[in-house]
Amino acid sequence: MIELESVAMSYGGGELLSDMTLRLLPGSFHFLTGPSGAGKTTFLKLCYGELMPSAGRLTLFGQDLRDMSRDDIAALRSRIGVVHQDCQFLDHLPLIENVALPLTVAGQAANTTELRELLGWVGLWSQRGALPPQLSGGERQRAALARAVIRAPEVILADEPTGNIDWEMSLRLLKLLVELNRMGKTIVIATHDLNLIRTTKAQVAARVLRIQNRRLHLAGADL
Ligand SMILES: Nc1ncnc2c1ncn2[C@@H]1O[C@H](COP(=O)(O)OP(=O)(O)OP(=O)(O)O)[C@@H](O)[C@H]1O
């Protein structure tokens, strides 16, 4: 699905990430860890075509990123759902419209039954009319997850989805991600939270990627 061959990334200075080789297989579950500033967000941005590698080959669903047009990359947005670190909602729109936004932007109509099911799944149907600033951190994260999956992507990339929420809410969010994985979705979660990783590993065959000293390491196995 997502394949990196000797990929490097630089923002203009020296290389932030070097020589990364990895295949993210369908249905896999990975955590991405590493010190603050190591490049986790940058790695995720590469994986959804937001950034172009400065060296190496990055293949998304069998297509080399270098050969993809803007339209091809836009089409990726339906196959890769992203939960951003800061959620990025439009504060003047109610939650339900924020969640449906990826469909609206793509010119597709939201199916009311599906929206109801989706918001029910994340436990936010009763808050569908609330504006984002009225939501708690955990509610915002669940809304962000609902928005990321509304176009039924095959891959979900989540950047510190439990960063600002308490343990109980983190577990609730994690349960949703585990459910998505059991439905066959490929999941990558950037996190600092080792307890979260330990808890998840008891539930699914999650593997841990670590970025350290510019390199990507797969804990406990060869890349
Ligand atoms: N657009 C950019 N231009 C230049 N430098 C950038 C840009 N985006 C990120 N960086 C730098 O790249 C480095 C890695 O940033 P990144 O956000 O990928 O790290 P991270 O591992 O996700 O960090 P954290 O855990 O703190 O969120 C940082 O030093 C950051 O300042």
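Helices here are DSSP runs of H or I with at least four residues, numbered from the N terminus. The model you have open is predicted, so local features need pLDDT of at least 70 and side-chain atom pairs count only at pLDDT 80 or more, while totals for chains, interfaces and linings use all residues. Residue numbers start from 1 along each chain as its sequence is written.

**Stop 1: helices 3 and 5**

Select helix 3 (residues 95-105) and helix 5 (residues 137-149). Their axes, which are lines fitted to C-alpha atoms over the stretch in contact, with angles running from 0 to 180 degrees between N-to-C directions, come within 7 Å and cross at roughly 35°. Now show Leu95, Asn98, Val99, Leu101 and Pro102 of helix 3 with Ala143, Ala146 and Arg147 of helix 5, which make the contact (C-beta atoms, placed from the backbone, within 7 Å).

**Stop 2: helices 3 and 4**

Colour Ile96, Val99 and Ala100 in helix 3, then Leu115, Leu118 and Leu119 in helix 4, to see where the two meet.

**Stop 3: the ligand**

Which residues are around the ligand? Select Tyr11, Leu16, Gly34, Ser36, Gly37, Ala38, Gly39, Lys40, Thr41 and Thr42; each has its C-beta atom, placed from the backbone, within 6 Å of the ligand. Finish by highlighting helix 1 (residues 40-47), which gives the most to this shell, with three residues.
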